[in-house]
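Visitor: I have not looked at this one before. Could you walk me through it?

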Amino acid sequence: MKKKKIVIASGKGGVGKSMLSSALTMLFAKKQRVIALDCDVDAPNLAIWLGISSYNKSVSKKKKIIPISVSEKPIIDYKKCDGCGLCAKSCRFSAIDMINGKPKVNKFLCEGCGLCEIICPQKAITLKAVQSGEIIVYPQLTSKKTKTGYFLIAGGLFPGETGSGKIIAELKKMADEFDYPLQILDSSPGTGCPVTAALQDSDFAILVTEPTPSAFSDVQRVLKVVNHFKIPYGVVINKWDINPIVSKKIEKWAGKNLLGKITYDREIFKAVSSFTPILETKLKAKEEIEKIFKELNLTLKF
Ligand code: SF4
Ligand code: SF4
C-alpha cells in the first residue's frame, strides 16, 4: 500500500508546527489509521504536544528505544601511534589536540570526515560507527476525549552528533513498515538536511508561519525547497493577530493556498505545559484548527 505523507514545515522555528502536527494527527485519526513522525530530531517535542509526559509510566514501559548509528568517529590505537601530530595538524575541524604527545579526539568537533584515518603514517586511526541517536516507537496512543488512537515515532540526535538527515531516513523507513495509510511528519525548522529529508517523497506540505518579517522570509525560503520537490502545499498563519498588517501581506502571498489562521492565545502554552493536547481543550485555537482540517481535506487530492 502506498502511504500518503503530509509534512508540516515552517522555515522558522517556534511558529506552531508541532501544535498543528499534533492536532492534525488526532483529527485524521478519527477517520483513518495514522502515524505521527517527529522529524525535528535536534529538538523533538511532538510527544509533549500529544500530551505524553515522560512520567507516564504505562507509556514509558511500553515504548521501544532503538539506538541508531549514522556517523563514524576515529579510534586511535596508541600502541601504533608514534605521536607525530600529523592528524592534529591536518584536521580541518580542529577536532584533534596533542596532549602530552598523544592525539586526543574531541567528539563534539569531529565531523567523521575520515581524513585522519587516511593520512596517519602508522595506520593507527580507524573510523568506527558510534551511536549517534535513537528512535522511540511509542505504543498505540489513545485519547478518550477525541476517541482516537494513533502511533508516534520520534527521532532524536544526541548532542554534538551529525547525521540528522540519515536519522530521518531511518525514521521514515520504520514508519513505512506499519500498515498505516497516512503519515504526518513534523519537520525541523530551516531549509537544511533534516527538512529536505522529511520533504522527500511526501505528498503534501503544510507551511506554518507567523506575521513577523523573519518568519515570512523563512517560509518563502522553505517554499523554494517544496517547489523543488514539486509538492503541492497549503499555508497556515499562526498568531495572525499579533501583526494584522504583516498577516495580510502573507495572506496575499499565499493566495488560494491559504488553509487558515490561528489566533494567538497564552492559554495554549498553559495547556501544553500541563500535557493537554489542543484538541482536548475548549480553546479558540481548537476550533480554528478544525476549520483548517476541513479546508485541508477539500484541498487534498487523496
Ligand atoms: S597521525 Fe597517526 S601516528 Fe601521527 S599522531 Fe596521529 S595517530 Fe599518531
Ligand atoms: S574524522 Fe575528520 S573531523 Fe574527525 S578528527 Fe579525523 S580529520 Fe578531524
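Guide: What follows is a short tour of the structure above, which is a predicted model.

Visitor: Okay, what are the overall dimensions, and how many helices and strands are there?

Guide: Along its principal axes, the C-alpha trace of the protein chain spans about 70 × 45 × 40 Å, and the secondary structure comes to 11 helices and 14 strands. The protein chain has 302 residues, of which 42% count as buried.

Visitor: And which domains does the assignment give?

Guide: The assignment gives domain 1, made up of 4–68 + 140–299, and domain 2, which covers 71–130. The C-alpha centres of domain 1 and domain 2 lie 40 Å apart, and the contact takes 4 residues from domain 1 and 5 residues from domain 2.

Visitor: What classes do the residues on the domain 1 side of that contact fall into?

Guide: On the side of domain 1 that touches domain 2 there are 3 polar residues and 1 charged residue, with no nonpolar ones.

Visitor: Switching to the ligands, which residues are closest to ligand 1?

Guide: The closest are Cys81, Cys84, Leu86, Cys87 and Cys120, out of 14 residues that surround ligand 1. By class, the shell around ligand 1 has 10 nonpolar, 3 polar and 1 charged residues.

Visitor: What about ligand 2, how many residues surround that?

Guide: Ligand 2 is surrounded by 13 residues, and the closest are Cys91, Cys110, Cys113, Leu115 and Cys116. The shell around ligand 2 divides into 10 nonpolar, 2 polar and 1 charged residues.

Visitor: Let's go to the start of the chain. Is strand β1 mostly covered or mostly uncovered?

Guide: Strand β1, residues 4–9, is mostly covered, since 5 of its 6 residues are buried. It is joined to β11 by 5 bridges, with the two strands running parallel, and in β11 the bridge partner of Lys4 is Leu182.

Visitor: Which residue stands opposite Ile8 in β12?

Guide: That is Ile206. β1 and strand β12, residues 204–209, pair in the parallel sense over 4 bridges.

Visitor: How many residues of helix α1 are buried?

Guide: In α1, 12 of its 12 residues are buried, among them Lys17, Met19, Leu24 and Phe28.

Visitor: And what span should α1 have?

Guide: Helix α1 runs over residues 17–28, and at 1.5 Å a residue its 12 residues should span 16 Å; the end C-alpha atoms are 16 Å apart, so the two values agree.

Visitor: Same check for α6, what comes out there?

Guide: The 13 residues of helix α6, residues 164–176, should span 18 Å at 1.5 Å a residue, and the end C-alpha atoms are 19 Å apart, which agrees.

Visitor: Which elements do the buried residues of α6 pack against?

Guide: They pack against the strands β2 (34–38), β3 (64–68), β8 (133–137), β10 (148–157) and β11 (182–186), and also against the helix α7 (193–199). The buried residues of α6 include Ile167, Ile168 and Leu171, as well as Lys166, Glu170 and Lys172.

Conventions: Residues are numbered from 1 along each chain as its sequence is written. Chains are lettered from A and ligands numbered from 1 in the order in which they are written. This is a predicted model: local features need pLDDT of at least 70, side-chain atom pairs count only at pLDDT 80 or more; totals for chains, interfaces and linings use all residues. Domain bounds come from an automatic or database domain assignment. Two residues are in contact if their C-beta atoms, placed from the backbone, lie within 7 Å. Ala, Val, Leu, Ile, Met, Phe, Trp, Tyr, Cys and Pro count as nonpolar, Asp, Glu, Lys and Arg as charged, and the others, Gly among them, as polar. A residue is near a molecule or strand if its C-beta atom, placed from the backbone, lies within 6 Å of it. The expected span of a helix is 1.5 Å times one less than its number of residues. A residue is buried if 20 or more other C-beta atoms lie within 10 Å of its own, exposed if 12 or fewer, and partly exposed in between; C-beta atoms are placed from the backbone. Two strands pair if DSSP finds at least two bridges between them.
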